[in-house]
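Here is a colleague's note, written for someone who is meeting this structure for the first time. Please keep the model open beside the text and look up each residue as it is named.

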Amino acid sequence: MSSSTATARRLSAAALAAAAIVGAVALPASAADHARPDRPKVEISAVQYDSPGRDDRSRRSLNKEWVELTNTTRRTVNLDGWTLKDEDGHTYTFNHYRLDGRATVRIHTGEGRDTDSDLYMDRRNYLWDNYSDTATLRNDHGRFIDDASWGGRHHRDGGRHH
């Protein structure tokens, strides 16, 4: 084999190796450019499970018991068909409601007129147990989204006490 042929092969091999290295380095940047957008994230951001004052089942008292949901993304999330449920199986189902990006909605136990920032379950009895309960949020396919627990029975690391 002549020295010029060997030199050409070495140069060719070096060029291929350099191209492979450049390709490997460029691939993650290219993949990052086409990353999927963040999936909408809605979380239980606060719970007022013990209505302040006397528990007299008045509209005012019932509406001081609430759960807040926050959309932590910039995108609007359609909550139609989503559910908020207590440990006893009492369920509130969202009906034709869209939560704007970076917005919070408060879901009150009692009766009232729904707005963009306040929804009402229209219940005449308290829902959330003052001593121990869990509020569970599920999407319209029944998939778990978030929960918040309080009280003595709840010692899971994942449960947040509000």
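1. Helices and strands are here taken as DSSP runs, a helix needing at least four residues and a strand at least two, and both are numbered from the N terminus. By that reading, the protein chain of this predicted model has two helices and ten strands, and from the N terminus on their order is α-β-α-β-β-β-β-β-β-β-β-β.

2. The mean pLDDT of the protein chain is 82, with 69% of its residues reaching 70 or more. Residues 15-33 stay under 50, and the model gives this stretch zero contacts beyond four places in sequence. Residues 155-162 also have a pLDDT below 50, although in the model this stretch has 18 contacts beyond near neighbours in sequence.

3. Some totals describe the protein chain as a whole. Of its 162 residues, 31% are buried, and its accessible surface comes to about 10600 Å², with 48% of that belonging to carbon and sulfur atoms. When contacts between residues at least 6 apart in sequence are considered, 51% of them join residues at least 24 apart.

4. How many of the residues of strand E2 are buried? Six of the six are, and strand E2 (residues 66-71) is therefore largely enclosed by the rest of the structure. In a regular strand, side chains alternate between the two faces of the sheet.

5. The pairing of E2 can be followed through one of its residues, Thr-70. E2 runs antiparallel to E1, and six bridges join the two; here Thr-70 is the bridge partner of Glu-43. E2 also pairs in the antiparallel sense with strand E7 (residues 104-108), over five bridges, and in E7 the bridge partner of Thr-70 is Thr-104. At Trp-66, the charged end of Arg-106 sits over the ring, 3.7 Å from its centre.

6. Leu-137, in strand E9 (residues 132-138), deserves a careful look. Its relative accessibility is 0%, and because buried means under 20%, Leu-137 counts as buried. Leaving aside residues up to four places away in sequence, Leu-137 touches a list of residues that includes Val-42, Leu-69, Trp-82, Phe-94 and Ile-145. The C-alpha atoms of Leu-137 and Ala-148, which are eleven residues apart along the chain, are separated by 8.9 Å.

7. Aromatic rings form a further topic. A pair of such rings is described by the distance of the centres and the angle of the planes. The structure holds three aromatic pairs. In one of them, Tyr-49 and Trp-150, the ring centres are 4.6 Å apart and the planes lie at 5°, so this pair is stacked. The pair links distant parts of the chain, 101 residues apart, with Tyr-49 in the loop between strand E1 (42-48) and helix H2 (59-62) and Trp-150 in strand E10 (residues 144-151). Trp-150 counts as buried, at 2% relative accessibility, and Tyr-49, Trp-128 and Trp-150 form one aromatic cluster.

8. Tyr-92 and Phe-94 also form an aromatic pair, this one edge-to-face, with 5.0 Å from centre to centre and 80° between the planes. Are these two residues buried or exposed? Tyr-92 is buried, with a relative accessible area of 11%, and Phe-94 counts as buried at 1% relative accessibility. Phe-94 is also among the residues that Leu-137 touches.

Definitions and conventions. Residues numbered from 1 in each chain as written. Heavy atoms only, no water. Buried < 20%, exposed > 50% of the residue type's maximum accessible area, 1.4 Å probe, protein only. Contact = heavy atoms within 4.5 Å. Areas by Shrake-Rupley, 256 points an atom, 1.4 Å probe, with all protein chains shown as cover. Phe/Tyr/Trp six-rings, centres within 6.5 Å; stacked < 30°, edge-to-face > 60°. Lys NZ or Arg CZ within 6 Å of the ring centre and 35° of its normal. pLDDT = per-residue confidence, 0-100. Pairing = 2+ DSSP bridges.
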